Amino acid sequence: ALNDNVRPDLCYISYFVRTYSLQKQMMQLMDSFLKEVNQKKRNTGALTFSDVTELALKILLENEDIRNNEKNAYKKIMIDEFQDNNSKNRDLLYLLSLKPGAFESKNGGCVIEIDDSNPESLHNQIVDQRDSEKLFFVGDEKQSIYKFRGANIYNILNFEKVYPDAKVIRLEQNYRSTGNILKAANEVIKH
């Protein structure tokens, strides 16, 4: 129990110092595990969903001809369950919806410079260069269930700020649940 006379930040520092050795061992174990998992993936050619997204981003960023081919292959792109997309999924969609001529170079290389220390670096550069008419989002902020997998609920919560000209259609009628179920669910969500 905390003594009222002891500052909480000092208690945390004290706890960190006492457990540092254990924390360091745990991080080394996690690093070792991650290296082994990645080696197994390389040996077997296996990819996670996250790997596929990262590889697609890398290919589209480094190969302008492929990026142009892919973005021109789709007139419209519909994204369902947008509330469960992470920032990399969002940026991949934005790359596929770039306006004609955006970030095109003379030699087919990447003209988008990414600051690896800033996770929003790519997003900040491409957000205003996308063809907002190309994307169609479907989602419900109350149904976000993939935060553990990196889903970023702010993609949908900030939707109208990022897309000020977007037409938002709210589907308020629920045909799957009775009023009592909806009332109970909304009470649970409040807490």
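**View 1. The second largest pocket and the helices around it.** In this predicted model, H2 (49-62), H4 (87-96) and H5 (121-126) each supply at least two residues of the lining of the second largest pocket. H2 gives the most, with four residues. The lining has 15 residues in total, and Leu57, Lys88, Ile114, Pro119 and Leu122 are the ones nearest the pocket's centre. (Helices, H or I, at least four residues, and strands, E, at least two, are DSSP runs numbered from the N terminus. A pocket is an open set of points on a 1 Å grid over the protein atoms alone, where a 1.4 Å probe fits, with protein on both sides within 12 Å along at least five of seven lines; lining residues have an atom within 4 Å of a point.)

View 2. Look along H3 (64-72) for its buried residues: Glu64, Arg67, Asn68 and Lys71. Seen down the helix axis, they fall within an arc of 95° (taken from the directions from the axis to the C-beta atoms), so they line one face of H3. Asp65 and Asn69 sit on the other side, exposed. (Buried is under 20% relative accessible area, exposed over 50%, with a 1.4 Å probe and protein chains only.)

**View 3. What H3 packs against.** The buried residues of H3 pack against H2 and H4, with contact meaning heavy atoms within 4.5 Å.

**View 4. The largest pocket.** Here 45 residues form the lining, and Gly139, Asp140, Ile169, Arg170 and Leu171 lie nearest the centre. Strand S2 (135-137) and helices H6 (154-157), H7 (159-162) and H8 (179-190) each supply at least two lining residues. H8 has the largest share, four residues.

Residues are numbered from 1 along each chain as its sequence is written, and side-chain values use heavy atoms, leaving out hydrogens and water. Local features need pLDDT of at least 70 and side-chain atom pairs 80 or more, while totals for chains, interfaces and linings use all residues.
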